[in-house]
Amino acid sequence: MHRLMLIEDDGQLSELISEHLGRYGYEVHAPTDFRNIVAEFTAVQPDLVLLDINLPYYDGYFLCRSIRQQSKVPIIIISARSSEMDQIMAIELGADYYITKPFTFEILHSKVKAAIRRTYGEYAGQENANVSVESLSVDNHTLSVNFKDQKLDLSKNEFKLLKKLMEQHHTYISRESLMEEVWDTVTFVDDNTLTVNMTRIKQKLASLGLPNVITSKRGVGYMLSVPGESNG
């Protein structure tokens with residue numbers, strides 16, 4: 001049984017979500033005191049977090065960042081805020097999914113299942129294996145990218161995307177394939193979510209001394225091309 005932490009101050013919605021997910025065997029912990037959420041998260045140690053943005057005392061952005069600083073647990077944002085900037089900010093702070101209210105319980109359950117499968121499923125360890133191309137490597141244990149003597153941290157989604165590109169080095173990968181690799185579906189994922197993550201990966205590689213190693217072609221996808229030692 002997977003333990004979920006639902007951080008939602010709308011009591012009626014919290015009860016409905018807890019009841020719905022409980023039917024599928026999830027143990028849902030829903031705090032009612034929002035003053036010490038981070039401490040409660042540490043005590044509960046959930047397998048997944050469902051997090052609203054508009055909360056008393058501390059907003060969801062602060063809590064997302066605080067949780068991500070101590071855990072790789074999947075975080076699903078559920079919020080009435082639907083602007084592109086809100087979604088980008090959530091992703092940059094480490095959220096895995098963003099669901100806008102109102103939503104159906106079926107969509108919510110599909111996101112929970114996908115996040116659980118990606119993180120704890122039978123192929124999770126294989127999916128998160130370390131990969132190297134030339135002097136560029138990604139490390140699953142530290143969620144970092146390494147190039148020669150330099151190292152930068154990656155978000156969980158950045159790690160998965162960069163690893164996929166490295167596994168198919170010098171090959172264009174479609175946007176659909178990349179979205180399915182990370183989010184397990186393309187149906188409920190905003191296309192801009194992928195763009196934001198790819199932009200951040202490009203910026204990190206450039207800061208390591210690898211600018212322009214990821215190219216994109218409209219209608220085709222993205223490709224990673226790391227120069228060989230003799231060319232680098």
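1. In this predicted model, helix α2 (residues 37-44) and helix α3 (residues 60-70) have axes that come within 10 Å and cross at roughly 35°. Axes are lines fitted to C-alpha atoms, for helices over the stretch in contact, with angles from 0 to 180 degrees between N-to-C directions; helices (H or I, at least four residues) and strands (E, at least two) are DSSP runs numbered from the N terminus. Contact, meaning heavy atoms within 4.5 Å, joins I37, V38, F41 and T42 of α2 to L63, S66, I67 and Q70 of α3. By class, this contact has 5 nonpolar, 3 polar and no charged residues.

2. The axes of helix α1 (residues 11-22) and helix α5 (residues 105-120) come within 11 Å and cross at roughly 60°. That makes α1 oblique to α5 (angles under 35 degrees count as roughly parallel, over 145 as roughly antiparallel, 65 to 115 as roughly perpendicular and the rest as oblique). L16, I17, H20 and L21 of α1 meet F105, L108 and H109 of α5.

3. An open sheet of 5 strands has the order β2-β1-β3-β4-β5 with parallel pairing (two strands pair if DSSP finds at least two bridges between them). β2 (27-29) and β5 (97-100) are the edge strands, each with a single partner, so one side of each lacks a neighbour in the sheet.

4. Strand β3 (residues 48-51) is joined to strand β4 (residues 75-79) by 3 bridges, and V49 stands opposite I75 in β4.

5. Residues are numbered from 1 along each chain as its sequence is written, and side-chain values use heavy atoms, leaving out hydrogens and water. Local features need pLDDT of at least 70 and side-chain atom pairs count only at pLDDT 80 or more, whereas totals for chains, interfaces and linings use all residues.

Definitions and conventions. Nonpolar A, V, L, I, M, F, W, Y, C, P; charged D, E, K, R; others polar.
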